[in-house]
Amino acid sequence: MWTHTQPPAPDLQGTGLCIGIAVARYHWHITGAMLQLAQQKLIHLGVAPEDIHVNFTPGAYELAS
């Protein structure tokens, strides 16, 4: 039951989702580990492995602000 003192928990179900991940090849020791953890978490949430699409890009993993 939801009360005003606690927000409702999000429904984190990945079943039926198709996910795209862009991964930088630069700093692979960091971005590769991030990719592996992201894939593991998505599979744990119910996303099918064949629905996780990875594209590799050149460049750094930092995003411009």
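Figure 1. Helices (H or I, at least four residues) and strands (E, at least two) are DSSP runs, numbered from the N terminus. This is a predicted model, in which local features need pLDDT of at least 70 and side-chain atom pairs count only at pLDDT 80 or more, while totals for chains, interfaces and linings use all residues. Residues are numbered from 1 along each chain as its sequence is written, and side-chain values use heavy atoms, with hydrogens and water left out.

Which residues of H1 are buried? They are Thr31, Gly32, Leu35 and Leu42. These residues cover an arc of only 100 degrees around the axis, which puts them on the same side of H1. The arc is taken from the directions that lead from the helix axis to the C-beta atoms. An α-helix has 3.6 residues a turn, so residues three or four places apart point the same way. On the other side of H1, His29, Leu37 and His44 are exposed. Buried means under 20% relative accessible area, exposed means over 50%, and partly exposed lies in between (1.4 Å probe, protein chains only).

**Figure 2. Helix H1 from end to end.** H1 covers residues 28–44, which makes 17 residues. At 1.5 Å a residue, H1 should span 24 Å. Its end C-alpha atoms are 23 Å apart, which agrees. The expected span is 1.5 Å times one less than the number of residues. Gly46 follows H1 and has a positive phi, near 110 degrees.

**Figure 3. Thr31 in helix H1.** Is Thr31 buried or exposed? Thr31 is buried, with a relative accessible area of 5%. A polar atom of the Thr31 side chain lies 2.7 Å from the backbone oxygen of Ala24. A polar contact is a pair of N or O atoms within 3.5 Å; within protein, one must be able to donate a hydrogen and the other to accept it, and residues adjacent in sequence count only if both atoms are side-chain atoms.

**Figure 4. Strands S1 and S2 run parallel.** How many bridges join S1 to S2? There are 6 bridges. Two strands pair if DSSP finds at least two bridges between them. Gly20 has His53 in S2 as its bridge partner. Ala22 has Asn55 in S2 as its bridge partner.

S1, H1 and S2 make a right-handed β-α-β unit. A crossover is right-handed if, with the strands pointing away from the viewer, the path from the first strand over the helix to the second runs clockwise. The protein chain holds 1 helix and 2 strands.

**Figure 5. Thr57 in strand S2.** Thr57 is partly exposed, with a relative accessible area of 30%. Which residues does Thr57 touch, not counting residues up to four places away in sequence? Thr57 touches Val23, Ala24 and Arg25. Contact means heavy atoms within 4.5 Å. Thr57 and Arg25 are 32 residues apart along the chain, yet their C-alpha atoms are separated by 5.9 Å.

**Figure 6. His27 in the loop between S1 and H1.** His27 is partly exposed, with a relative accessible area of 28%. His27 has a positive phi of about 60 degrees, although it is not a glycine. Most residues other than glycine have a negative phi.
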